[in-house]
Amino acid sequence: MATKQITTTCLIAGGGPAGMMCGFLLARAGVDAIVLEKHKDFLRDFRGDTVHPSTMQVLHELGLLEEFLKRPHQEITHVYAQFGDQRLKVGDMSHLPTKAKFIALMPQWDFLDFLASKAKDFPHHRLMMKTEAKALIVENGVVTGVRAEAPDGPLEIRADLVIGADGRHSGLRDGSGLPVKDLGVPIDVLWTRIAKQGGGGQAVMGRFAAGAIFVMLDRGDYWQSALVIKKGGFDAIKAQGLEAFRKRLVELSGLDSANDIESWDDVKLLTVTVDRMEKWWRPGLLFIGDAAHAMSPIGGIGINLAIQDAVAASNLLAEPLRTKRVADADLEALQKRRFFPTWATQGVQVAIQNNIMTQLLDAKEQPQPPFILKLAQHWTFLQRIPARVVGMGVRPEHVRTKAA
């Protein structure tokens, strides 16, 4: 079959949060942009379903927040932690300097579908579903496009800039020759759903018991639940049997049963990875989002850090792309802008994983709340600090480009 050839100004590989937001913003600014998404739709469960205030502030600056919030969602204004019978308020988002002072819980496919529906308004935007970038095209040391596989056969897309936003298992990153630093992770996460029942259960950031860390998120008619386990420990849990697993979840959640978990197929293993590229670019190629820096699920920050990358990329690159003058210095400027937020966020996540979570998972007795959390119940202004870190992140970005 003959290879079809097309050209564009910016080719974005990956239709996740970073890729969709970047494609939207560049097309809005008048840059020809193609976004490739290898799946036929965005329907994949247990992805990052938290839309943080920093992301909703971007939507507000684009004039889209009010319409976005008409979609079904739940809102978290206060975040709690529970140690045995003690329930403590950890974070208060009501004081954030943002339009939306809460975390919105919404299936990621709804968020991506919303961005896709708005991007259709721009003639410079093209979303190609069921099309996967397979390999980079490199000429004289410069990336000039990608080879892709589309429903109707092989495809060659030439572009002034290729942006890799194809996630933590990025194939383009593997083929780029750029080094990646693995920061190491001692945990994995098991995601599942537990149906709402009469009484019992409260939405909290985490429930901490002897040897267990458990999260419950209120999703309307069910609890989206996460059990933190030791790295590689899923096989040992399965060996104990499904009934033992359900019993453990009932103990941790305070619910009457978890019988709607009918098989291990209802449990999704998230193999946690924390890494980052040492260099995010080479001539003609740039990585953003999880492809550049895979984040821990702690705080649900990954999707929002990816969005901030996309906003910064559009701010810095829209004009060079529009004038066909993208230089290495422009790509380096993006990494310089976003490296510190990535480094700082991962540093906090790794410290929590290595120094707190591992101790909790090894605990034989019911852990007690840290003194700082007890203090925050009296000095409530302390609750604003974690709310700001989680809700806004380090160096939140703002839309600087104008609609073409």
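A salt bridge is a side-chain nitrogen of Lys or Arg within 4 Å of a carboxyl oxygen of Asp or Glu. With that in mind, and remembering that the model on your screen is predicted, select glutamate 319 and arginine 322, whose side chains meet in a salt bridge with an N to O distance of 2.2 Å. Both residues lie in helix α8 (residues 302-322), where they are 3 residues apart, about one turn of the helix. Glutamate 319 is partly exposed, with a relative accessible area of 42%, and arginine 322 is partly exposed too, at 40%.

Next, go to helix α7 and select arginine 248 and glutamate 251, which stand 3 residues apart and whose side chains form a salt bridge of 3.4 Å, N to O.

Now select arginine 173 and aspartate 275, whose side chains meet in a salt bridge of 3.5 Å, N to O. Because arginine 173 lies in helix α5 (residues 171-176) and aspartate 275 in strand β18 (residues 275-277), the pair ties together parts that are 102 residues apart in sequence. Are these two residues buried or exposed? Arginine 173 counts as buried at 7% relative accessibility, and aspartate 275 is buried at 6%.

Then turn to the surface and select Asp260, Glu262, Asp265 and Asp266, which gather there in a patch of negative charge. Aspartate 266 belongs to the loop between α7 (242-253) and β17 (268-270).

Finish with the open sheet of 3 strands, whose order is β3-β7-β4 with antiparallel pairing. Since β3 (50-51) and β4 (74-76) stand at the edges, each with a single partner strand, one side of each is left without a neighbour in the sheet. Within this sheet, glutamine 74 stands opposite leucine 105 in β7.

Conventions: Residues are numbered from 1 along each chain as its sequence is written. This is a predicted model: local features need pLDDT of at least 70, side-chain atom pairs count only at pLDDT 80 or more; totals for chains, interfaces and linings use all residues. Side-chain values use heavy atoms; hydrogens and water are left out. Patches are made of residues with over 30% relative accessible area and no salt bridge: like charges are joined within 9 Å, nonpolar side chains (Val, Leu, Ile, Met, Phe, Trp, Tyr) within 5 Å. Accessible areas come from the Shrake-Rupley method with a 1.4 Å probe; for residues, only the protein chains shown count as cover. Lys and Arg count as positive and Asp and Glu as negative; His and the chain ends are not counted. The place of a charge is taken as NZ of Lys, CZ of Arg, CG of Asp or CD of Glu. Helices (H or I, at least four residues) and strands (E, at least two) are DSSP runs, numbered from the N terminus. Two strands pair if DSSP finds at least two bridges between them. Buried means under 20% relative accessible area, exposed over 50%, partly exposed in between (1.4 Å probe, protein chains only).
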